Amino acid sequence: CLYVSPYEKGHVNRTSRSFCPVCPVFLPSHVCLSLHLSLYPTVTSVRLIQSIWSPLSADCSHCTHGGDFNHFPDDPEFADIIQRAEHAIENGVFPERISQGSSGSYFVKDPKGKIIGVFKPKSEEPYGHLNPKWTKYFHKLCCPCCFGRGCLLPNQGYLSEAAASLVDSKLGLGVVPKTKVVYLASETFHYSAIDRAKSRGKKYALEKVPKVGRRFHRVGLPPKVGSFQLFVEGYREADYWLRRFEAEPLPENIRKQLQSQFERLVVLDYVIRNTDRGNDNWLIKYENLDSCIKIAAIDNGLAFPFKHPDEWRAYPFHWAWLPQAKVAFSQETRDLVLSRLSDMNFVQDLCEDLYEMFKTDKGFDKTMFERQMSVMRGQVLNLTQALKDGKSPIQLVQMPRVVVERSRSGGQGRVVTLGNAFTQTFHCKRPFFSSW
Ligand SMILES: Nc1ncnc2c1ncn2[C@@H]1O[C@H](COP(=O)(O)OP(=O)(O)OP(=O)(O)O)[C@@H](O)[C@H]1O
Ligand SMILES: [Mg+2]
């Protein structure tokens, strides 16, 4: 190893010394590995090192640059897709910015150019510091209170995307295309001029003066953290299909399937308190020949509020205006989710899994996370009641808003204590600009 300064700075545990698996130097192995990764940040070198030294872990808290690579030991299928995306980028098949939309979102391709995922980097979210759409930047500067959502933590959309997928899989809904937190670097992403200049300078130094160049932590552009959602094929925006179904009613068996899928979407949105479910943010796949209809809930980046939306900006669920919302939840949906939702251990488990995910964000704040979970528990409580009472989605969204906090606290509204651990608070005010 040419570069030992992090070790000299003493920010690692000096007792855990061993030989570096890649070069014959006696150093703490994770220091060497992190150095190798930072000196040779290509996917191939990461994999080579991983294969030589299995204890390499993404969450090594000692490494200053460790952790910004992809590691999905529990999900080889997803790991393989990310590997293909990385290979594509290495071979010049770069992610392509999705032209519509308010943030930097990218279609990610495999080496053959086929779209395999949608990547939304944290730094290019609507209020991220590298958002490529100047109008959003303008909004933020000139009129911050009129844009954005005051009930959401800013710049955590990528976590909301991945968390929605987690909720979907834990409840067995199967409507969110699998989404995880991923690190990717590509020259088609939006980088600051400084980042690009640094990267160019380092590459130049490495070519011209390899001795100096090898001292750099990282040579290429820095990987961006973001959400990576699997691309689903053959789907179109719900808006399109719903209009078509009005003109050409569906056969009964397909109508039932759609109803069942719709209820799963309602369950997801209600639990995560999605504030952005327009009919352009869910997709439908319907092919007459298949006799099968499927929903995909995409664009889940504006969910998990830390408080219920203010009365004057309600962010209603747009599906509540659809005829499907007037039908009581089916037995099938109740059988699918009721036993899980009404189990406090399940909900606690879900909160813990979300904690593991959210705490990785740079700006993580435990108090705000607890508030997010209080809103979610309130949503779960309402939903459980609605399912037990045989209510419809439209009746569900008319229920008074509830928060369920971990410990007793004096808030506005009616307070009911649930055992020793949780306090439930009802808010009886209805939003101004909504029929509910
Ligand atoms: N997982 C997916 N599978 C297939 N198509 C997708 C997927 N995710 C997004 N798309 C397509 O990309 C378009 C933009 O996606 P999305 O709405 O998530 O991006 P966005 O940048 O958040 O946009 P906006 O800010 O306008 O909501 C969608 O309308 C859809 O056509
Ligand atoms: Mg969208």
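1. The charged end of Arg 236 is placed over the ring of Tyr 240, 3.6 Å from the centre of that ring. This and the points below describe a predicted model. A second contact of this kind involves Arg 273, which lies over the face of Phe 317 at 4.5 Å from the ring centre.

2. Phe 317 also belongs to an aromatic cluster, together with Phe 262, Tyr 270, Trp 282 and Trp 319. Across the whole structure, a search finds 18 aromatic pairs.

3. One aromatic pair consists of Trp 241 and Tyr 286, in an edge-to-face arrangement with 5.8 Å from centre to centre and 80 degrees between the planes. Because Trp 241 lies in helix 9 (residues 238-247) and Tyr 286 in strand 9 (residues 282-287), the pair ties together parts that are 45 residues apart in sequence. Trp 241 is buried, its relative accessible area being 10%; Tyr 286 likewise counts as buried, at 11% relative accessibility.

4. Turning to the sheet, five strands form an open arrangement in the order 3-4-5-7-6, with antiparallel pairing. Strand 3 (96-97) and strand 6 (179-184) stand at the edges with a single partner strand each, so one side of each has no neighbour in the sheet.

5. Strand 3 is joined by two bridges to strand 4 (residues 106-109), and the two run antiparallel. Within this pairing, Arg 97 stands opposite Tyr 106 of strand 4.

6. Helix 6 (residues 157-171) packs on the sheet, where it touches strand 5 (115-121), strand 6 and strand 7 (224-230). The direction of helix 6 makes about 140 degrees with that of strand 6.

Definitions and conventions
Residues are numbered from 1 along each chain as its sequence is written. Chains are lettered from A and ligands numbered from 1 in the order in which they are written. This is a predicted model: local features need pLDDT of at least 70, side-chain atom pairs count only at pLDDT 80 or more; totals for chains, interfaces and linings use all residues. Side-chain values use heavy atoms; hydrogens and water are left out. Two strands pair if DSSP finds at least two bridges between them. Helices (H or I, at least four residues) and strands (E, at least two) are DSSP runs, numbered from the N terminus. Contact means heavy atoms within 4.5 Å. Axes are lines fitted to C-alpha atoms, for helices over the stretch in contact, and angles run from 0 to 180 degrees between N-to-C directions. Rings of Phe, Tyr and Trp (its six-membered ring) pair if their centres lie within 6.5 Å; planes under 30 degrees apart count as stacked, over 60 as edge-to-face and the rest as tilted. Buried means under 20% relative accessible area, exposed over 50%, partly exposed in between (1.4 Å probe, protein chains only). A charge sits over a ring if NZ of Lys or CZ of Arg is within 6 Å of the ring centre and within 35 degrees of the ring normal.
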